[in-house]
Amino acid sequence: MTKPPRKPSKPLLRDDAPIRSRPRRQRDPAQPNLPLDPMPARIEPCLALLKARPPKGDDWVYEIKWDGYRLSVHVEPTGIRILTRGGHDWTDRFPAIKQAALWLPVGTAILDGEAVVLDEQGRSDFGLLQQSLGGRGGKQSSSDAIFMAFDLLYFDGHDLRNSELDMRRHLLEDLVPAEEQGVIRLSEEVEADGDALLRVACEHDLEGIIAKRRSAPYRPGRGGDWVKIKCIQSDGFAIVGYEKSSASFGGIGRLLLAARKGDGLVYVGGVGTGFNERSAAELRMQMDKLIIGKPAVETGRKRNAVFIDPKLIAEIEYRAWTHDGKLRHASYKGLREEQDNAGVYQIDG
């Protein structure tokens, strides 16, 4: 992104003497102060709309899609607050991010971004993030999570939501320089063709890319100013039960999943991969608290099935859908938190 030219740091010379300003006058106490915008207690996040292909045109810029928890970091006169997408206060769960926010060279600010844990290859891994927090419903604090900042919504007394993305990013890059490798890092914009960047992201086993409209203000919801393009589909599905297996981790042979259709739920198949010993044990403990006598949705005949109240939302990776509306090549990634405002996949029609 082309930045506006900086003012020269050295004084301009005239006849080998620096130009000096007029002597400073005392401020008139009756003169009003420059107006400052009140700092919002919470900002409803802008969400990315899922598309199959990247948008084209000079008004679009691209970033890597991070796989973690969406957070807003509030730098306030009274201290730091870290809020989830649903507005829940998770400050105590990210002490390292809180400490790094205290060191930012700013009086007040609201940063939009994603808390992630990186694997050995530098890729964000949702499962590792969940483990660092003690699993779904856990109360642990994560010392491994870092914050990838991708937007600046409030800055030193000024609400930036009506400003174009280019201006917000310019201020963010001054606050969190691209070369910083601390706990708070910049999610860098990538100057590239969208299709080419998506191909590279998929070759490196990343989740996908995000496209953002340069000229757009910050608007809540999925209005289309931000677009996500995924290498592998990943969505939330309600767990309606599981099939028992003595040969599998946690005794879970397969999870039974449902999506939303209209006002109800509809069965979309199962998933039997993606578990490890720890995640399966934690999941089994959560499910066994929700056992019910009959299934919440029609699943067909299942052997050794245990049905549960569909209150748990699993994040599932999958390649495609079968002709009869079931998930293909599905893999379990983890449980979403209620505080993350995770939704269940909605089937149209």
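This is a predicted model: local features need pLDDT of at least 70, side-chain atom pairs count only at pLDDT 80 or more; totals for chains, interfaces and linings use all residues.
1. Overall make-up. The protein chain contains 5 helices and 20 strands. It has 349 residues, and 45% of them count as buried. To be counted as buried here, a residue must have under 20% relative accessible area. The chain exposes about 19000 Å², and carbon and sulfur atoms supply 49% of that area.

2. Contacts along the sequence. Consider the contacts between residues at least 6 apart in sequence. Of these, 68% join residues at least 24 apart.

3. Strand E17. How many of the 6 residues of strand E17 are buried? The count is 5, so this strand, residues 313-318, is largely enclosed by the rest of the structure. Two pairings of E17 can be followed in the model. With strand E13 (residues 233-244), E17 pairs in the antiparallel sense over 6 bridges. One point to look up in this pairing is alanine 238, whose bridge partner in E17 is isoleucine 313. With strand E20 (residues 331-335), E17 also runs antiparallel, joined by 4 bridges. Here alanine 314 has leucine 335 of E20 as its bridge partner.

4. An open sheet. Strands E3, E12, E11 and E4 form an open sheet of 4 strands, in the order E3-E12-E11-E4, with mixed pairing. Which strands stand at the edges? They are E3 and E4; each has a single partner strand, so one side of each is left without a neighbour in the sheet. The pairing of E4 with E11 is antiparallel and has 5 bridges. Within it, glutamate 63 stands opposite isoleucine 210 in E11.

5. A hairpin. E5 and E6 make a hairpin, with 2 residues between them. The two strands run antiparallel and are joined by 6 bridges.

6. Helix H3. This helix covers residues 165-175, and its buried residues are Leu165, Arg168, Arg169, His170, Leu172, Glu173 and Leu175. What do the buried residues of H3 pack against? They pack against strands E4, E7, E8 (146-155), E10 (184-186) and E11. Two of these, E4 and E11, also belong to the open sheet of point 4.

7. Rolling a probe the size of a water molecule over the atoms shows where empty space is left. A search of the whole structure finds 1 cavity of 30 Å³ or more. The largest cavity has a volume of about 100 Å³. Its lining consists of 13 residues, and those nearest the centre are Ile43, Pro45, Leu71, Ser72 and Asp112. Strands E5 (69-76), E6 (79-84) and E7 (109-116) each supply at least two lining residues. E5 gives the largest share, 3 residues. By class, the cavity lining has 7 nonpolar, 2 polar and 4 charged residues.

8. The largest pocket. This pocket holds about 900 Å³ of space. It is lined by 39 residues, of which Asp67, Ser124, Asp125, Phe126 and Lys333 lie nearest its centre. Which elements each supply at least two residues of this lining? They are helix H2 (126-132), helix H5 (277-287) and E20. The lining divides into 12 nonpolar, 15 polar and 12 charged residues. E20 is also the strand that 4 bridges join to E17.

9. The second largest pocket. About 750 Å³ of space lies in the second largest pocket. Of the 34 residues that line it, Lys65, Arg85, Arg222, Lys228 and Lys230 are the closest to its centre. Two or more lining residues come from each of strands E3 (49-50), E4 (60-64), E5, E11 (208-213), E12 (226-230) and E13. Among them are E3, E12, E11 and E4, the strands of the open sheet.

Note on methods. Residues are numbered from 1 along each chain as its sequence is written. Side-chain values use heavy atoms; hydrogens and water are left out. On a 1 Å grid over the protein atoms alone, a cavity is a set of points where a 1.4 Å probe fits but cannot get out, and a pocket is an open set with protein on both sides within 12 Å along at least five of seven lines; lining residues have an atom within 4 Å of a point. Grid points are joined across faces, edges and corners, and a volume is the space filled by probe spheres set on the points. Ala, Val, Leu, Ile, Met, Phe, Trp, Tyr, Cys and Pro count as nonpolar, Asp, Glu, Lys and Arg as charged, and the others, Gly among them, as polar. Buried means under 20% relative accessible area, exposed over 50%, partly exposed in between (1.4 Å probe, protein chains only). Two strands pair if DSSP finds at least two bridges between them. Contact means heavy atoms within 4.5 Å. Accessible areas come from the Shrake-Rupley method with a 1.4 Å probe; for residues, only the protein chains shown count as cover.
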